[in-house]
Amino acid sequence: MDSIAQGRQPAEAVLKTWGTANRYAGSKDRKAIADRVYKVLRARGRLVWAMGGREDGRALVISSLSLIDALPLDEIEALHAGDGYGPRPLSKQERARLTAAGEGELPGWVASGLPEFAVEDFKATFGDRWAEEARELMAPRAPIDLRVNGLLATVSDVEAELRAAGLTPEPTPFSAFGLRLPSEPPPNVQAQDAFKTGHIEIQDEGSQIVSWLAGAQPGMTVVDYCAGGGGKTLALAQAMQAQGTLVACDVVQKRLDNIRPRLTRAGVAADLCLLGQNGGGVEDLNGKADLVFVDAPCSGSGTWRRRPEDAWRLTPDEVERLHALQVRILSQASQLVKPGGRLVYVTCSMLSRENEASIAAFEAAHPAFAPLPVATALSDAGLTPAAAETLAAKADGHRLRMSPASTQTDGFFVALYERAA
């Protein structure tokens with residue numbers, strides 16, 4: 001637990017490493033440990049508060065037995081008898097904290113499950129719905145969404161193939177190419193033939209939606225300015241029907257290298273471009289791109305239901321750093337857009353400083369980029385018939401927020417612009 005809180009690796013990777021190094025733990029034990037770790041991570045704020053500010057693994061687990069499992073004190077003490085490999089007995093202070101934890105009302109930020117600094121942001125952004133948004137964001141067991149590669153297969157054929165393999169896919173409500181799997185039991189998607197042959201990719205429906213809203217079309221010159229792992233690059237290639245010029249950029253060569261086999265498996269191509277730390281490297285495309293897609297570096301707070309450990313690693317200073325970086329990246333990327341072309345800004349963040357504040361700064365400095373209403377983009381996107389009406393109602397002009405509570409997706413923000421001709 002301590003290594004997860006103090007490190008940068010995902011909890012899943014830390015647990016896998018621990019299991020490999022501790023073979024004496026059987027599969028049931030490893031599952032029980034993983035379940036406990038994720039319960040603790042999701043309720044961490046409440047558990048730390050209950051233990052008087054203690055953040056070590058022992059304190060969090062002890063607190064979870066009381067506040068999550070509702071075990072009485074005598075049962076918790078029995079589990080801490082100190083026998084054999086068992087944990088040492090509870091201290092006087094630990095017993096006192098457990099007793100006090102059941103008394104009195106939780107502070108609002110503690111009950112929300114969010115880091116304290118994020119609560120005021122949620123209240124300002126979501127108003128009366130802030131607690132529901134927080135609860136769903138930190139809720140366990142997000143589904144597994146798949147994007148069907150329409151260049152190689154149909155949704156109906158892939159659905160039938162997955163059902164024949166014993167899985168239970170259902171169409172996603174908004175993305176016309178999405179299938180959703182339950183997270184329990186966890187499916188091994190990468191072992192499926194449909195994955196190996198490039199017919200599917202693991203991609204949250206929210207990520208699919210922002211890719212379709214970008215408006216990529218066959219024959220366009222499209223730049224994915226912050227390609228990262230390449231998931232949205234592949235979706236853009238699908239929207240382009242593998243026709244035109246697709247350029248995937250990043251500042252890390254390893255990320256670009258990891259995209260190559262994904263492109264091959266999907267049967268599409270893209271030019272891979274390593275950017276300098278100042279964003280240079282694609283000057284030859286200045287003023288020539290029909291579409292520039294900026295999936296900006298962000299806190300990833302929209303994915304806290306999948307990686308709850310990240311909520312407790314984020315600081316206000318880091319959010320400020322990311323805001324400044326996002327504004328700079330948007331300014332750099334905008335230079336590539338040709339007159340009449342489109343610029344799309346995306347984050348998987350729930351925080352207004354990374355969303356509304358970042359685009360407000362960009363808009364103030366770049367009046368040549370006019371807001372493009374989301375409703376306009378919905379008309380030519382790869383969405384279900386019902387999605388256009390639903391998402392248009394949730395949009396705020398050229399901006400759209402999605403979240404586990406409002407759209408049953410990860411948290412995403414998208415803003416659309418068109419450069420003056």
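Residues are numbered from 1 along each chain as its sequence is written, and side-chain values use heavy atoms, with hydrogens and water left out. Because the model is predicted, local features need pLDDT of at least 70 and side-chain atom pairs count only at pLDDT 80 or more, whereas totals for chains, interfaces and linings use all residues.

Trainee: How many disulfides does the structure hold?

Mentor: A disulfide is a pair of cysteine sulfur atoms within 2.5 Å. The sulfur of C249 is 4.6 Å from the closest cysteine sulfur, in C273, which is too far for a bond. C348 is in no disulfide either, the nearest cysteine sulfur, that of C298, being 3.5 Å away. The number of disulfides in the structure is zero.

Trainee: Is R262 buried or exposed?

Mentor: R262 lies in helix α15, residues 253-266 (a DSSP run of H or I, at least four residues, numbered from the N terminus). Buried means under 20% relative accessible area, exposed over 50%, and partly exposed in between, with a 1.4 Å probe and protein chains only. Because its relative accessibility is 19%, R262 counts as buried.

Trainee: Which residue has its backbone oxygen 2.7 Å from a polar atom of the side chain of R262?

Mentor: Not counting residues up to four places away in sequence, R262 touches E201, G229, G230, G231 and L234 (contact means heavy atoms within 4.5 Å). The backbone oxygen that lies 2.7 Å from a polar atom of the R262 side chain belongs to G229.

Key: Helices (H or I, at least four residues) and strands (E, at least two) are DSSP runs, numbered from the N terminus. A polar contact is a pair of N or O atoms within 3.5 Å; within protein, one must be able to donate a hydrogen and the other to accept it, and residues adjacent in sequence count only if both atoms are side-chain atoms.
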